[in-house]
Every structure is written in structure tokens, then in C-alpha cells.
Amino acid sequence: MLLGAMAPALLTARFQESVTANALRAYLAEFISTFFYVFAVIGSAMASRKLMSDAATDPSSLVLVAIANTFALSSSVYIAANVSGGHVNPAVTFGMAVGGHISVPTAMFYWVSQMLASVMACLLLKVTTVGQHVPTFTIANEMTGFGASMVEGVLAFALVYTVYAAGDPRTGPLGVIGPLAIGLMAGAMVLAAGPFSGGSINPALAFGSAVVAGRFKNQAVYWVGPLIGAAVAGLVYDNVVFPGQAASVSGRGNSEGIGL
């Protein structure tokens with residue numbers, strides 16, 4: 001009886017924490033950072049198609065998108081780190097929630113902010129470029145959905161593990177180096193897997209472009225793989241690499257940490 005009575009009260013308290021003024025500022029920060037990140041990444045893919053006759057097979061197109069990922073993600077994380085943690089990615093938010101660094105209701109609001117920002121960024125690109133095709137993430141013909149999902153999961157693991165390490169106060173004051181390390185990892189992962197799984201790593205990025213383009217083929221690849229990879233990364237960092245010390249970094253999931 002006691003546990004049954006405590007559960008609703010705990011849920012109510014968690015929800016109330018998710019609608020405070022600070023929480024609302026965090027959601028706005030996530031929206032702004034995700035918006036500019038998606039605008040830069042999808043915009044760079046559109047720009048490469050505009051400048052190159054066959055951007056799909058031109059290696060320089062992959063390099064362009066990887067560089068855009070690195071610059072945009074580093075900047076987006078940096079500008080939101082002190083307000084929302086700078087997740088900019090539903091997979092990172094999920095990894096933080098699994099690790100207990102952010103509450104589930106707050107994580108859901110983060111997801112809404114991130115996905116809405118992604119859709120708005122892609123819609124703005126489509127409108128301002130006079131209906132130019134908004135590219136979506138696709139997997140290579142020789143790959144299966146399961147294989148592509150595994151690749152995306154590995155990419156997300158690497159990224160979220162970097163997020164945990166970059167936001168760990170035990171590593172000392174990293175300043176701008178933390179967001180830069182996150183951006184560099186993202187760029188490297190795009191270079192490694194772009195031609196195979198698309199190298200999204202970010203469910204919101206894939207979702208926004210799919211909504212505006214009206215193509216949802218293989219969309220599950222960009223959710224299942226990254227979410228599992230992110231959860232495993234958080235659990236491994238807190239329970240294997242630094243077992244018993246997770247409580248000391250619990251602030252990362254909210255306004256005091258660095259995330260993607």
C-alpha cells in the first residue's frame with residue numbers, strides 16, 4: 001500500500017520538476033541548438049548536391065558533411081551546455097536517462113524540443129531554397145536494416161561515451177575542449193559510416209528530414225540502433241569504467257553538464 005501511494009507522488013514530483021522555469025529554459029536551449037545543428041548538417045548536404053553534379057558518389061561531399069557535423073555539433077553543444085547540458089540528440093538524452101542523470105519526464109520534453117527543432121530546420125531549408133529536395137538518410141544497397149542499425153548503434157556508443165567523458169568533472173575543467181571532442185568524434189563517425197548507414201547517429205536529424213521529405217523508409221534504423229548504443233555507453237561508463245562513482249557526475253544530464 002505504501003509503495004502504491006508513493007509511486008503517483010513520485011511521478012507528480014518528477015513532472016513538476018520538468019515544468020519549472022529552469023526546465024523550460026533548458027527545452028528552449030535544446031530547441032535552438034538542435035535547430036542550428038540540423039540546419040547546418042542538412043544544409044551542407046543540400047549545398048554539396050547543388051555544387052556537385054554527382055554528390056552521392058563524390059568523396060568530397062562526404063568530407064563536407066563530416067566537417068559540417070564537427071563544426072555545428074561542437075558549437076551547438078557549447079552554446080547549450082550550461083543551460084540544458086547541450087544534448088542536441090535524443091540518443092544522448094536517452095543515454096542520460098538510462099544512467100539516471102536526467103528524469104524520464106524531462107527526457108521526454110527534451111525529445112519533443114529536439115524533434116520539433118529538426119522538423120522546423122528542414123522545413124525552413126525547403127522553403128528558402130525554393131523547394132529543393134531535402135535529403136534523407138538511406139542505407140547502402142548491400143546492407144540490411146539490421147546491419148545498418150548495428151552500425152548506427154556503434155556510432156552512437158562512441159559518441160555518447162565521448163559525451164560522458166567530456167562532461168565528467170573528474171577529468172578537470174575542459175572548457176571548449178569537451179564540446180570540440182564531441183564534435184570531432186561525430187565527424188569521424190560520419191566519415192567512417194556515411195556511405196554505409198548514412199551516419200546519422202542522431203534520431204532527430206533523421207526524423208526531421210524524413211518528415212519534410214515525406215520518406216520514412218528504414219526510419220527504425222536511425223532510432224533502434226542509436227538508442228541501444230547510447231544506453232549501453234552510459235551503463236558501461238558509469239558501471240564498468242567508473243563503477244560506484246556515477247553519483248558524482250549526476251549533474252551532467254541537466255544544466256551543469258556537457259552533452260550532445
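**Burial, rings and helix packing**

Trainee: Which class does phenylalanine 39 fall into: buried, exposed or partly exposed?
Mentor: The classes use relative accessible area (1.4 Å probe, protein chains only): under 20% is buried, over 50% is exposed, and in between is partly exposed. The relative accessibility of phenylalanine 39 is 31%, so this residue counts as partly exposed.

Trainee: What kind of model is this, and from which number are residues counted?
Mentor: This is a predicted model, in which local features need pLDDT of at least 70, side-chain atom pairs count only at pLDDT 80 or more, and totals for chains, interfaces and linings use all residues. Side-chain values use heavy atoms, with hydrogens and water left out, and along each chain, as its sequence is written, residues are numbered from 1.

Trainee: How many helices does the chain have?
Mentor: Helices (H or I, at least four residues) and strands (E, at least two) are DSSP runs, numbered from the N terminus. The pattern along the sequence is α-α-α-α-α-α-α-α-α. With zero strands, the helix count is nine.

Trainee: Which share of the contacts with a separation of 6 or more joins residues 24 or more positions apart?
Mentor: A contact means heavy atoms within 4.5 Å. The chain has 260 residues, of which 50% are buried. Of its contacts with a separation of 6 or more, the share from residues 24 or more positions apart is 81%.

Trainee: How are the rings of phenylalanine 35 and phenylalanine 39 arranged: stacked or edge-to-face?
Mentor: Rings of Phe, Tyr and Trp (its six-membered ring) pair if their centres lie within 6.5 Å; planes under 30 degrees apart are stacked, over 60 edge-to-face, and the rest tilted. The whole structure holds 12 aromatic pairs. For phenylalanine 35 and phenylalanine 39 the centres are 6.2 Å apart and the planes at 20°, so the pair is stacked.

Trainee: Which residues do ring pairs link into a cluster?
Mentor: The links are between rings. The cluster they form consists of Phe31, Phe35, Phe36 and Phe39.

Trainee: Which helices hold tyrosine 161 and tyrosine 237?
Mentor: These two tyrosines form an edge-to-face pair, 5.3 Å centre to centre with 75° between the planes. The pair links distant parts of the chain, 76 residues apart, with tyrosine 161 in helix H6 (residues 145-166) and tyrosine 237 in helix H9.

Trainee: What is the relative accessible area of tyrosine 237?
Mentor: Tyrosine 161, at 25% relative accessibility, counts as partly exposed. Tyrosine 237 is buried, with a relative accessible area of 3%.

Trainee: How are H3 and H7 oriented: roughly parallel or roughly antiparallel?
Mentor: Axes are lines fitted to C-alpha atoms, for helices over the stretch in contact, and angles run from 0 to 180 degrees between N-to-C directions. Under 35 degrees counts as roughly parallel, over 145 as roughly antiparallel, 65 to 115 as roughly perpendicular and the rest as oblique. Helix H3 (residues 59-80) and helix H7 (residues 177-197) pack at about 155° with axes 8 Å apart. H3 and H7 are therefore roughly antiparallel.

Trainee: How many charged residues are in the contact of H3 with H7?
Mentor: The contact includes Leu62, Val63 and Ala66 of H3 and Gly183, Leu184 and Gly187 of H7. Ala, Val, Leu, Ile, Met, Phe, Trp, Tyr, Cys and Pro count as nonpolar, Asp, Glu, Lys and Arg as charged, and the others, Gly among them, as polar. By class, the contact has 15 nonpolar and six polar residues, and the charged count is no residues.

Trainee: Is the crossing of H4 and H9 left-handed or right-handed?
Mentor: Helix H4 (residues 90-98) and helix H9 (residues 221-241) pack at about 40°, with axes 8 Å apart, which makes H4 oblique to H9. A crossing is left-handed if the near helix is turned anticlockwise from the far one by less than a right angle, and right-handed if clockwise. The crossing of H4 and H9 is right-handed.

Trainee: Which residues of H6 does H4 meet?
Mentor: The axes of H4 and H6 come within 10 Å and cross at roughly 60°, so these helices are oblique. From H4, the residues Ala91, Val92, Gly95 and Met96 meet Val160, Val163 and Tyr164.

Trainee: What is the relative accessible area of serine 118?
Mentor: Serine 118 lies in helix H5 (residues 104-128). Not counting residues up to four places away in sequence, serine 118 touches Thr34, Val38, Ala204, Leu205, Gly208 and Ser209. Serine 118 is buried, with a relative accessible area of 0%.
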